[in-house]
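Visitor: I would like to learn how to read a model of this kind, feature by feature. Could you take me through the general idea each time and then the case at hand?

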Amino acid sequence: MVSREINDDAFIKCTQLKGILTIGSNVTIIHDTTFKGFSKMIGPLITPDSVEYIGSNAFADCSGFESLTLSNPLTNISWSTFSGCLGFKGELIIPELVTNISQIAFSRCHDFSGDLIILDSVILI
């Protein structure tokens with residue numbers, strides 16, 4: 001059976017990886033702390049529309065990503081998912097199916113420049 005998940009800590013603190021992160025279109029779950037601490041990424045961070053769940057701290061303390069595009073099937077942005085991410089630019093639209101943005105999901109995101117659009121579907125922040 002083909003795994004459609006990226007497991008906990010799979011790439012945590014891989015500080016020497018440099019370049020563009022491409023998440024495959026068959027991935028449905030990104031578990032906790034999967035990419036935490038990536039610091040030399042370039043280009044956009046895009047979660048494909050296959051991704052239904054992103055775990056706590058999955059992208060915490062990342063830097064270098066120029067923009068963030070979240071997948072439409074997401075219903076929850078977990079605790080500290082993007083905490084400490086630096087340098088996001090452009091528009092960030094919370095997908096329409098998201099009803100919950102957990103505590104500190106975007107805390108310490110310094111240097112974010114652009115518009116943050118939270119749709120009416122979000123009922124808990």
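Visitor: Which residues make the nonpolar surface patch, and what is its area?

Guide: Before that, a word on the basis: this is a predicted model, in which local features need pLDDT of at least 70 and side-chain atom pairs count only at pLDDT 80 or more, while totals for chains, interfaces and linings use all residues. Residues are numbered from 1 along each chain as its sequence is written, and side-chain values use heavy atoms, with hydrogens and water left out.

Guide: Patches are made of residues with over 30% relative accessible area and no salt bridge, where like charges are joined within 9 Å and nonpolar side chains (Val, Leu, Ile, Met, Phe, Trp, Tyr) within 5 Å; the areas come from the Shrake-Rupley method with a 1.4 Å probe, and for residues only the protein chains shown count as cover. Here Phe-112, Leu-116, Ile-118 and Ile-125 make a nonpolar surface patch of about 390 Å². Ile-118 is found in the segment after β9 (116–117), strands being DSSP runs of E of at least two residues, and helices runs of H or I of at least four, numbered from the N terminus.

Visitor: Is Ile-118 buried, partly exposed or exposed?

Guide: Buried means under 20% relative accessible area, exposed means over 50%, and partly exposed lies in between (1.4 Å probe, protein chains only). With a relative accessible area of 39%, Ile-118 is partly exposed.

Visitor: Which residues touch the most other members of the largest nonpolar core?

Guide: In soluble globular proteins, nonpolar side chains tend to be buried together. A nonpolar core is a set of buried Ala, Val, Leu, Ile, Met, Phe, Trp, Tyr and Cys residues joined through side-chain atoms within 4.5 Å. The largest one here has 28 residues, of which Leu-21, Ile-30, Leu-45, Phe-59, Ile-77 and Phe-82 touch the most other members. For Leu-45, leaving aside neighbours within four places in sequence, the contacts (heavy atoms within 4.5 Å) include Leu-21, Phe-59 and Phe-82, as well as Ser-67 and Thr-69.

Visitor: What is the strand order in the open sheet, and how are the strands paired?

Guide: Two strands pair if DSSP finds at least two bridges between them. The open sheet has 3 strands in the order β1-β2-β4, with parallel pairing. Because β1 (5–6) and β4 (53–54) stand at the edges with a single partner strand each, one side of each is left without a neighbour in the sheet. Strand β1 is joined to β2 (residues 29–30) by 2 bridges, and the two run parallel; Ile-6 has Ile-30 as its bridge partner in β2.

Visitor: Where does His-31 lie, and how far apart in space are His-31 and Ile-6?

Guide: His-31 lies in the loop between β2 and β3 (44–46). From C-alpha to C-alpha, His-31 and Ile-6 are 6.1 Å apart in space, although 25 residues separate them in sequence. Beyond the neighbours within four places in sequence, His-31 is in contact with residues including Glu-5, Ile-6, Gly-55 and Ala-58.

Visitor: How many salt bridges does the structure hold, and which residues form one?

Guide: Side chains of opposite charge can pair when their charged atoms come close. A salt bridge is a side-chain nitrogen of Lys or Arg within 4 Å of a carboxyl oxygen of Asp or Glu. The structure holds 1 salt bridge, formed by Asp-61 with Arg-108, whose closest N and O atoms are 3.1 Å apart. The pair links distant parts of the chain, 47 residues apart, with Asp-61 in the loop between β4 and β5 (67–69) and Arg-108 in the loop between β8 (100–101) and β9. Asp-61 counts as partly exposed at 31% relative accessibility, and Arg-108 counts as partly exposed at 46%.

Visitor: Which phi does Asn-57 have, and is Asn-57 buried or exposed?

Guide: Asn-57 has a positive phi of about 60° although it is not a glycine, and at 14% relative accessibility Asn-57 counts as buried. Lys-13, in the loop between β1 and β2, has a positive phi of about 55° and is not a glycine, but Lys-13 is exposed, with a relative accessible area of 57%.
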